[in-house]
Amino acid sequence: MVPAVPSLIHPPQDEKNDPMKVSQAKENIFKKIRQALTNSTPVPFPQSEANTAIFQLSRQELEIEFAEKFTNLLGKFIFCVDHADLASQLSGLAAHKGFKKIYCREEDLKFTLQKGNFLDFADTTLSECDAAVTSCELLIARTGTIVMSAAQESGRTVSVFAPIHICIAYTNQLVYDIKDGLQLVKEKFQNNLPSLITFATGPSRTADIEKSLVVGVHGPKEVYVFLVDKK
């Protein structure tokens with residue numbers, strides 16, 4: 001005679017291990033969340049989001065303001081009067097630093113530099129380059145910040161992964177404060193914001209290791225901005 005075997009089709013469930021069973025404490029939390037979503041608390045200080053700027057506009061030109069803040073953060077700033085001057089100064093930098101492999105993914109930027117006889121781009125991968133050249137969305141003068149986005153041809157990685165980042169920008173891309181920059185980005189992309197908007201303020205740095213400042217840990221060791229006069 002075959003001994004009885006417990007049914008494996010519908011095994012009894014322990015209520016404590018039932019994933020569908022919600023404890024009373026969790027149900028109370030969910031109830032509070034539902035109430036909060038349906039009866040949202042009004043903003044306590046509706047006038048706090050004022051249109052007036054927190055920081056007063058500097059009296060000096062934005063180019064000078066950006067250059068001062070950027071160089072104070074160990075950035076390297078070069079002003080160029082036109083595209084020919086840009087190509088010449090970039091060639092001089094490449095020769096001085098001994099760059100053999102300069103990476104650029106942006107075709108329009110490469111074309112602009114090649115018109116100025118800068119021909120030092122190499123067919124190489126980002127992981128093998130000595131330096132990478134990108135454009136940017138904006139420059140923030142008050143903080144010396146470069147604003148970039150994933151919508152650019154360089155994408156999300158070029159400015160971060162390269163050991164030396166060279167940014168080409170124009171004077172008409174300068175704004176005073178971050179608030180101004182965010183407003184322009186919003187106006188440019190409307191409801192189709194890029195997946196990443198980066199605010200890079202100088203070379204990568206950290207003081208996590210024994211409180212000693214170390215440059216180039218999480219990104220490029222050197223950052224150059226070539227600012228071209230856009231008349």
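User: Which residue stands opposite Glu222 in strand 11?

Analyst: That's Ile164. Keep in mind that we're looking at a predicted model.

User: What makes strand 6 and strand 11 a pair, and in which sense do they run?

Analyst: Two strands count as paired when DSSP finds at least two bridges between them. Strand 6 and strand 11 (residues 222-228) have seven bridges, in the parallel sense, so they pass that cut-off.

User: And how do you know that strand 3 pairs with strand 6?

Analyst: Same test: at least two bridges are needed, and strand 3 (residues 131-134) has three with strand 6, again parallel. One spot to look at is Val133, whose bridge partner in strand 6 is Ile166.

User: Why is strand 6 called largely enclosed?

Analyst: Buried means under 20% relative accessible area. Seven of the seven residues in strand 6 (residues 164-170) are buried, so the rest of the structure largely encloses this strand. Both faces are covered: Ile164, Ile166, Ile168 and Tyr170 sit on one side, with His165, Cys167 and Ala169 on the other.

User: What makes the group around Phe99 and Ile166 a nonpolar core?

Analyst: The term asks for buried residues of the nonpolar kinds, joined through side-chain atoms within 4.5 Å. The largest such set here has 23 residues, and Phe99, Leu113, Val133, Ile166, Ile168 and Phe226 have the most contacts inside it. Helix 3 gives the most to this core, with five residues. A second, separate core has 13 residues, including Ile146, Cys167, Val223 and Val225.

User: Which residues is Ile168 in contact with, leaving aside its neighbours within four places in sequence?

Analyst: Contact takes heavy atoms within 4.5 Å. By that rule, Ile168 touches Leu86, Leu109, Val133, Thr134, Ser135, Cys136, Phe226 and Val228.

User: What is the strand order in the open sheet of four strands?

Analyst: The order is 7-4-5-8, with mixed pairing.

User: Why are strand 7 and strand 8 said to stand at the edges?

Analyst: Strand 7 (174-175) and strand 8 (197-200) each have a single partner strand, so one side of each has no neighbour in the sheet.

User: What makes strand 4 and strand 5 a pair?

Analyst: Strand 4 (residues 138-140) and strand 5 (residues 145-149) share three bridges in the antiparallel sense, and at least two are required. Leu139 has Ile146 as its bridge partner in strand 5.

User: Which helix lies across those strands?

Analyst: Helix 6 (residues 178-189) lies across strand 4, strand 5, strand 7 and strand 8, and runs at about 165 degrees to strand 4.

Key. Residues numbered from 1 in each chain as written. Predicted model: local features only at pLDDT ≥ 70, side-chain atom pairs only at ≥ 80, totals over all residues. Heavy atoms only, no water. Buried < 20%, exposed > 50% of the residue type's maximum accessible area, 1.4 Å probe, protein only. Helix = DSSP H or I, 4+ residues; strand = E, 2+ residues; numbered from the N terminus. Axes fitted to C-alpha atoms, helices over the stretch in contact; angles between N-to-C directions.
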